[in-house]
Amino acid sequence: MAANPAQVPLKPKVLVITTYEYGVLGQSGSSGEAFHWYTNDKLTNFLNIPGTYPGGFDTATPAGSYEGIFYNDTGDECLIVTGMGQNNAGASLLALGFSDLVNLSETYLIVAGIAGGNPNHTTLGSVAWANWAVAGDLANLVPMSELPADTFLYPLFHLGCSTPWPTAASGNQGFTTGTEIFSLNQSLAKLAHAISQDAELGQQNASVKAYAGNYDQPAAAGPPAVLRGDSLASNFFFHGNQLGQWAEWWMRQWISDWIAGNTGEFQPGLYAMTVMEDIAFASAAQRLAQAGRIDYDRLMMLRGAGNFDRPYPGEFTIASLQESDAVEIAFDLALDNLYAAGSLVVKEIITSWEDWKDGLPTGS
């Protein structure tokens, strides 16, 4: 692969953001969030960007790491593997955005990664465009056995509070870090969904369909689809009915409060996917936008359900978690469908660049 672009700084129209890859990109046995993009879109050139993810599951570049970006011959499309978890994700995107080797000022950014799906709203292999990214681990965490049962339903609750959520009656206002919730460009998310909603998605094989059929929720038993649904991001891999119910409550609380405190029209939240990195990507993107390095309104988040966030009725939570950890049940299907849907948006932006370069196309 080429080590340097024909023109520096590289100025891509689209940057695809992934977090991890098993094996060597482009070689037999490689699989992960980056594989389809790298292979199908011929992103075989590599530019080293100091400060991006220095690790890798295997040798991926001449430098022996993912420390840089992959790109196609025209430089229109780039791909980064940031590393998994919020620390890797945020640091890698910041390093890339502040590098003088790239110019992301007009670039559309698409996060495309695996997730755990909420069976109340989705099924295995579905993908969802987010309106919101909400942090799930900026919270108090106390064992349920030590909390008043008449007040607390969940072990996680608002920072600085002795109640689950700040209330005027309790005089408990709590505190925030300023990175608990991010509103994405909802008009862009709507347009991305419109472009990709009829994508030719892969369907569940017999074993995946049988597994999904164990769930009571109609959405879980349905076919994969392209949805609009939001991401709850935390560094811990939470799993179980109580925590799944907490995630829905937590997202509702943050989004309803955010909408109440801001002017404009906003979609209500829909907890669809549990992820690790999206809050870090949004935080980094906001800082880069403040520095004039990117346009925050060009950030999109697409996540695919490789497993569910809770067990089916009668299944032990730890058994369900072990299944999720071992095979992510629909890992390959979710990756296939992330590319099937996301690539339609990438191709639309690149091929119709005159319509997109100044922002959303007129009339969208």
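## Leu79 in strand β6

Leu79 sits in strand β6, which covers residues 77-81. In this predicted model, Leu79 has a relative accessible area of 0%, so this residue is buried. Setting aside residues up to four places away in sequence, Leu79 touches Leu15, Val16, Thr18, Ala34, Trp37, Tyr38, Leu43, Ile69 and Phe70.

## Aromatic pairs and a cluster

Searching the whole structure gives 24 aromatic pairs.

Tyr108 is part of strand β7 (residues 108-117) and Trp353 of helix α10 (residues 353-356), so the pair ties together parts that are 245 residues apart in sequence. Tyr108 has 1% relative accessibility and counts as buried; Trp353, with a relative accessible area of 13%, is buried as well.

There is also one aromatic cluster to look at, formed by Tyr154, Trp165, Phe236, Phe238, Trp246, Trp249, Trp250 and Trp254.

## Helix α2 against helix α7

Let us turn to helix packing. Helix α2 (residues 86-97) and helix α7 (residues 278-290) have axes that come within 8 Å and cross at roughly 25°. Angles under 35 degrees count as roughly parallel, so α2 is roughly parallel to α7. The crossing of α2 and α7 is right-handed. From α2, the contact uses Gln86, Ala89, Gly90, Leu93, Leu94 and Gly97; from α7, it uses Ile279, Ala280, Phe281, Ala284, Ala285, Arg287 and Leu288. By class, the residues in this contact of α2 with α7 are 9 nonpolar, 3 polar and 1 charged.

Ala95 is also found in helix α2. Ala95 has 17% relative accessibility, so this alanine counts as buried. Beyond residues up to four places away in sequence, Ala95 touches Ile49, Pro50, Gly51 and Thr52. Met251 is 156 residues from Ala95 along the chain, and their C-alpha atoms are separated by 29 Å.

## Helix α3 against helix α9

What angle do the axes of α3 and α9 make where they cross? The axes of helix α3 (residues 186-196) and α9 come within 8 Å and cross at roughly 110°. That falls in the range of 65 to 115 degrees, so α3 is roughly perpendicular to α9. On the α3 side, Ala192, Ile195 and Ser196 meet Ala341, Leu344, Val345 and Glu348 of α9. This contact of α3 with α9 comprises 5 nonpolar, 1 polar and 1 charged residues.

## Glu248, a buried acidic residue

Is Glu248 buried or exposed? Glu248 is buried, with a relative accessible area of 15%. This glutamate is found in helix α6 (residues 241-260). Leaving aside neighbours within four places in sequence, Glu248 is in contact with Asn118, Asn120, His121, Tyr271 and Arg310. As for His193, its C-alpha is 22 Å from that of Glu248, and the two residues are 55 apart in sequence.

Lys42 is placed in the loop between α1 (35-40) and β4 (45-48). With a relative accessible area of 57%, Lys42 is exposed.

What is the phi of Lys42? It is near 55°, a positive value in a residue other than glycine.

Definitions and conventions:
Residues are numbered from 1 along each chain as its sequence is written. This is a predicted model: local features need pLDDT of at least 70, side-chain atom pairs count only at pLDDT 80 or more; totals for chains, interfaces and linings use all residues. Side-chain values use heavy atoms; hydrogens and water are left out. Axes are lines fitted to C-alpha atoms, for helices over the stretch in contact, and angles run from 0 to 180 degrees between N-to-C directions. Helices (H or I, at least four residues) and strands (E, at least two) are DSSP runs, numbered from the N terminus. Angles under 35 degrees count as roughly parallel, over 145 as roughly antiparallel, 65 to 115 as roughly perpendicular and the rest as oblique. A crossing is left-handed if the near helix is turned anticlockwise from the far one by less than a right angle, and right-handed if clockwise. Contact means heavy atoms within 4.5 Å. Ala, Val, Leu, Ile, Met, Phe, Trp, Tyr, Cys and Pro count as nonpolar, Asp, Glu, Lys and Arg as charged, and the others, Gly among them, as polar. Buried means under 20% relative accessible area, exposed over 50%, partly exposed in between (1.4 Å probe, protein chains only). Rings of Phe, Tyr and Trp (its six-membered ring) pair if their centres lie within 6.5 Å; planes under 30 degrees apart count as stacked, over 60 as edge-to-face and the rest as tilted.
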